Amino acid sequence: MRTLLIPLILLLMLAGCGYVGRRMWLLLPMDNAYKMVILGLLIASLLCFFFNFIVGLDRFSLPVARVFYEVGNSSIFILLYLAMLFLALDIARLMGLVPPSFLRHSVQGTLFVSVAIVGLFGYGYLHYYHKVRVPIALSSHKPLPQPSKFVMISDMHLGYHNTRNDLAKWVDLINAEHPDAVLIAGDITDFSIQPLLKADMAAEFRRLNAPIYACLGNHDYYAGEENSERFYREAGIHLLRDTAVVIGKGIALVGRDDRTNTHRKTLNDIMKTIDGTPYTILLDHQPYHLEAAERQHIDFQFSGHTHNGQVWPINWIERALYEKAYGAHTRGKTHYYVSSGIGIWGGKFRIGTQSEYCVVTIQ
């Protein structure tokens, strides 16, 4: 399936580039030389996206690498919205709602498209930085000596775009909650561990006033699982790879290795290591096969990975791919929450979705 998906995505991107390029060439009210410069800059921005993956960014200084990352990874979202906007305008033209002159060598049309894109992505950028506090209250049918409070987050994607300054703000938000523990459902890193080491991000994790537990996500594997493990040890993060620990009186935490590891243990095998019947929390980065947690009588599963699509309408696609792509869910007596993540991959835009951290109380 994946071998077919990648060529299909590339084909769609090329088709989108061709369509957007053609519409912009007809729209811009200027000489061809200026049009070529503008389109050349857009193509160069998109090529940065492939450059980031093929060549890599670790060889560059942090400021240069951040520019390449932000420009390249933002361009694919801008291309998506340009394609949707031009498609909507073409449909409106065919329906007689927009005159053909509005889309050909048009100052008014150019201003409309420019203001729409700049305004939309300006909003998306600012909205990304607004971190939403999601309270989750859980009632245990198992006896607990006292209530427990946890901050649960996923998809930090620390690296060339989510910097130490971003992490410092998130640490302050978490510390303000005074949790009993901090639980991270994977993807602490983005694609490389190098920017975390260069910026000494481990020091920010050590500022957290509560123990930190995490499982691996697929991006932690992209950064190299050994590299990720080494960084987590330095940061004071307790990494759970198909293991379970007790994190409070009457509460056990299970951390599954990411499904990128095709040899990870089954949840059934992991649960055999838990003595008694404590209230059980499961961290599993990718929310596939939710029925497994129900079968093992897990009380609460926390996952991430989907980002809720990051921008509309990708979140609609996510809903078709997962049983639950975002939010609270219940199967039998097992409760779930799939987070859209506190961080993000690629361009820092949230359109129709939110960045969030969850404050979970169990009593």
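The axes of helix α3 (residues 62–94) and helix α4 (residues 107–128) come within 11 Å of each other and cross at roughly 135°. This is a predicted model, in which local features need pLDDT of at least 70, side-chain atom pairs count only at pLDDT 80 or more, and totals for chains, interfaces and linings use all residues. Residues are numbered from 1 along each chain as its sequence is written, and side-chain values use heavy atoms, with hydrogens and water left out.

**Exercise 1.** Classify the angle between α3 and α4, then describe their contact.

*Solution.* Start with the conventions: helices (H or I, at least four residues) and strands (E, at least two) are DSSP runs numbered from the N terminus. Axes are lines fitted to C-alpha atoms, for helices over the stretch in contact, and angles run from 0 to 180 degrees between N-to-C directions.

Next, the classes: under 35 degrees is roughly parallel, over 145 roughly antiparallel, 65 to 115 roughly perpendicular, and the rest oblique. α3 and α4 are therefore oblique to each other.

Now the contact (heavy atoms within 4.5 Å). From α3 come Phe77, Ile78, Tyr81, Leu82, Leu85, Phe86 and Leu89, which meet Phe112, Val113, Ala116, Ile117, Leu120 and Phe121 of α4. These residues divide into 13 nonpolar, no polar and no charged. Here Ala, Val, Leu, Ile, Met, Phe, Trp, Tyr, Cys and Pro count as nonpolar, Asp, Glu, Lys and Arg as charged, and the others, Gly among them, as polar.

**Exercise 2.** Is Phe86 buried or exposed, and which residues beyond its sequence neighbours does Phe86 contact?

*Solution.* Locate the residue first: Phe86 lies in helix α3. Then apply the cut-offs: buried means under 20% relative accessible area, exposed over 50%, partly exposed in between (1.4 Å probe, protein chains only). At 2% relative accessibility, Phe86 counts as buried.

Finally, set aside the neighbours within four places in sequence; Phe86 is then in contact with Tyr19, Val20, Arg23, Met24, Leu27 and Val113. Tyr19 is 67 residues from Phe86 in sequence, yet their C-alpha atoms are 8.6 Å apart in space.

**Exercise 3.** Trace the sheet that contains β1 and find its edges.

*Solution.* Strands of a sheet pair through backbone hydrogen bonds, either parallel or antiparallel. Two strands pair if DSSP finds at least two bridges between them. The order is β1-β12-β2-β3-β4-β5, an open sheet of 6 strands with mixed pairing. β1 (131–138) and β5 (237–239) each have a single partner strand, so one side of each is left without a neighbour in the sheet. From one strand to the next, the twist averages 25°.

Inside this sheet, look at β3 (residues 181–185) and β4 (residues 212–215), which pair in the parallel sense over 4 bridges. Ile184 stands opposite Ala214 in β4. Helix α9 (residues 225–235) lies across β4 and β5, at about 140° to β5.

**Exercise 4.** Walk through the sheet with the order β6-β7-β8-β9-β11-β10.

*Solution.* This open sheet of 6 strands also has mixed pairing. Its edge strands are β6 and β10 (327–331), each pairing on one side only, and the twist averages 20° from one strand to the next.

Begin at β6 (residues 243–248) and β7 (residues 251–255): they run antiparallel, joined by 5 bridges. The two form a hairpin with 2 residues between them, and Gly250 in the turn has a positive phi of about 85°.

Move on to β9 (residues 300–303), where Phe300 and Phe302 point one way and Gln301 and Ser303 the other, and all are buried. β9 runs parallel to β8 (residues 279–283), with 3 bridges, and parallel to β11 (residues 334–338), with 4 bridges. Phe300 stands opposite Ile281, and in β11 its bridge partner is His335.
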